[in-house]
Amino acid sequence: QHSSNKDAVKEALVELTGQRTVPNIFIRGQHIGGSDQVHDMFAAGKLNDLLKNKKYDYDLVVIGGGSGGLAAAKEAAKYGAQVACFDYVEPTNQGTKWGLGGTCVNVGCIPKKLMHQASLLKQNITDSSHYGWKVPEK
């Protein structure tokens, strides 16, 4: 049941916005697009006009709590906007779940790079004795 509800919400969002990617950003009930579109509106001086009319509880609603969605939400909040950020994570087969930050930050690029650097560091410490370094064993 939960999975079918998630699919229905995704399809309704696509039908409403025509956008299949996240972040999916709404300002005052108007679909803007992704974080690039919000940045473009700000650069063109159009963002403040949207934020002036206090008709809704939130000035900005971001669907997608990955790097782009959080960047858009933080930037808007920095200028005093009331912001809501929604994110959903489908647990992995092993039951892994995470909060905001998206796949890259939590289980993708960043952890992979961290593990890669840790393995390189171990190898470099091992090799350092060949270059005259004395590293104490622990």
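## Worked exercises on a predicted model

A search of the whole structure turns up zero disulfides. Keep in mind that this is a predicted model.

**Exercise 1.** Work out whether Cys-85 and Cys-109 are buried, partly exposed or exposed.

*Solution.* Start with the cut-offs: buried means under 20% relative accessible area, and exposed means over 50%. Next, take Cys-85: its relative accessible area is 28%, so it is partly exposed. Then do Cys-109: at 34%, this residue is partly exposed too.

**Exercise 2.** Find how strands E3 and E4 pair, and what unit they make with helix H4.

*Solution.* First, locate the strands: E3 covers residues 60–63 and E4 covers residues 83–86. They pair in the parallel sense, over four bridges. For a spot to look at, Val-61 stands opposite Ala-84 in E4.

**Exercise 3.** Describe the largest pocket: its space, its lining and the helix that gives the largest share.

*Solution.* Begin with the space, about 680 Å³. The lining has 28 residues, and those nearest the centre are Lys-10, Val-22, Ile-63, Asp-87 and Tyr-88. The largest share, seven residues, comes from H1. Finally, sort the lining by class: ten nonpolar, 13 polar and five charged residues.

**Exercise 4.** Now do likewise for the second largest pocket.

*Solution.* Its volume is about 280 Å³. Of its 15 lining residues, Val-38, His-39, Leu-47, Ala-72 and Glu-75 are closest to the centre. H4 gives the most here, with five residues. By class, you get ten nonpolar, four polar and one charged.

Terms used
Residues numbered from 1 in each chain as written. Predicted model: local features only at pLDDT ≥ 70, side-chain atom pairs only at ≥ 80, totals over all residues. Heavy atoms only, no water. Pairing = 2+ DSSP bridges. Helix = DSSP H or I, 4+ residues; strand = E, 2+ residues; numbered from the N terminus. Right-handed = clockwise from strand over helix to strand, strands pointing away. Disulfide = S-S within 2.5 Å. Buried < 20%, exposed > 50% of the residue type's maximum accessible area, 1.4 Å probe, protein only. 1 Å grid on protein atoms, 1.4 Å probe; cavity = no way out; pocket = protein on both sides within 12 Å on 5 of 7 lines; lining within 4 Å. Points joined across faces, edges and corners; volume = space filled by probe spheres on them. Nonpolar A, V, L, I, M, F, W, Y, C, P; charged D, E, K, R; others polar.
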